[in-house]
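These are my notebook entries on one structure. I set out to look up its core, its helices and its aromatic contacts.

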Amino acid sequence: MSTQNTTSTPATTSGQAPARKGLSSFTLKIIAIIGMTCNHAGYIFYSYLPFEVIFVCFAIGGITFPTMAFLLVEGYKHTSNIRKYALRLFIFALIAQIPFSLFLVAFEANVLFTLLLGLAALYLYDHLENRTLFWLAFVGIVVVSSQCDWGMLGPIVVLIMHAVPHNKERIIFAIGLIILSVGFPSLLAYFATLDLVQLPYALYAFVGSGMCIPLLLAYNGSRGRPLKWFFYAYYPAHILVLGVAKGLLFGDWTQSF
């Protein structure tokens, strides 16, 4: 969710830096936005969509949180002012809570609060020398996050993406945890009951989150186009638009879950 400082690259003879292979932060944010929009459309219009469409919405939606967590970690590494970074997240989390509570979940904090808690965990991990105090604080962060979107899993995924030293392992371990904790239980519940309600959640983890492994491994470390305010504002705006659209189309102004 945060922008990053682009590291310098050698200039070509024309005076311009050569394009890097792979995906920039900007590209990953666009991918996350597409996944997030599909996922929330699936939730908000859940009662009005055929299951085939819901499957697609959830499968694509699984891309969102691992990508957001990854970009949070990268943003944390490159930010010049952690307080301003945290303040931006907090302000937009407060703004987003209004449409989130109206159209998605009434008694749960939105994912920007989850990311804010993850950011706090990263800062404490790097700056709290007493490891016992850190783990006690982290347990507290995880408990608080249980009341947020993505629950206790959110800060754990964020910390894994920061604490595991090698890029490939940190991505695989974090997404593997999502698949194990979200995908497998949903898949087992589906096989046990043959209830189609469980299948979108399995697709969410196996297909969507699984797709993040090659996407995040393709990250080239560059920032790309600097449109950070757009990405912050898009989160509450798209929930509001989807919720109002459901109300106008179907006369249904209630929360999805």
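This is a predicted model: local features need pLDDT of at least 70, side-chain atom pairs count only at pLDDT 80 or more; totals for chains, interfaces and linings use all residues.

I call a residue buried under 20% relative accessible area, exposed over 50% and partly exposed in between, using a 1.4 Å probe and protein chains only. I number residues from 1 along each chain as its sequence is written, and side-chain values use heavy atoms, with hydrogens and water left out.

**Entry 1: aromatic pairs**

I counted rings of Phe, Tyr and Trp (its six-membered ring) as a pair if their centres lie within 6.5 Å; planes under 30 degrees apart are stacked, over 60 edge-to-face and the rest tilted. My search of the whole structure found 22 aromatic pairs. One of them is F45 with F250, which is edge-to-face at 6.3 Å centre to centre and 70 degrees between the planes. I took helices (H or I, at least four residues) and strands (E, at least two) as DSSP runs, numbered from the N terminus. F45 lies in the loop between α1 (25-44) and α2 (51-61), and F250 in helix α10 (residues 228-250), so this pair ties together parts that are 205 residues apart in sequence. F45 counts as buried because its relative accessibility is 12%, whereas F250 is partly exposed at 39%.

I then looked up F51 and F55, which form a tilted pair with 5.7 Å centre to centre and 45 degrees between the planes. They are 4 residues apart in helix α2 and therefore separated by about one helical turn. F51 is partly exposed at 28% relative accessibility, and F55 is buried at 18%. I also noted that F26, F230, F231 and Y234 form one aromatic cluster.

**Entry 2: a charge over rings**

I required NZ of Lys or CZ of Arg within 6 Å of the ring centre and within 35 degrees of the ring normal. The charged end of R131 sits over the ring of Y125, 5.0 Å from its centre. The charged end of R131 also sits over the ring of F134, 4.9 Å from the centre of that ring.

**Entry 3: the core**

I defined a nonpolar core as buried Ala, Val, Leu, Ile, Met, Phe, Trp, Tyr and Cys residues joined through side-chain atoms within 4.5 Å. The largest such core has 69 residues, and those touching the most other members are F70, L89, L112, V157, M161, L216 and Y235. Helix α5 (residues 111-127) gives the most to this core, with 9 residues. I took contact as heavy atoms within 4.5 Å. Not counting residues up to four places away in sequence, V157 touches F65, A69, A174, L177 and I178.

**Entry 4: helix α8**

Helix α8 (residues 167-193) has 27 residues and reaches 38 Å from its first C-alpha to its last, close to the expected 39 Å; that span is 1.5 Å times one less than the number of residues. I found a kink of about 30 degrees at G183, shortly before the proline P185, with the bend taken between axes fitted to the seven residues ending there and the seven starting there. Buried residues of α8 include I171, A174, I178 and G183. Their cover includes α3 (64-78), α7 (153-163) and α9 (199-217).

**Entry 5: H238**

H238 lies in helix α10 and is buried, with a relative accessible area of 5%. Leaving aside neighbours within four places in sequence, H238 is in contact with M36, T37 and H40.
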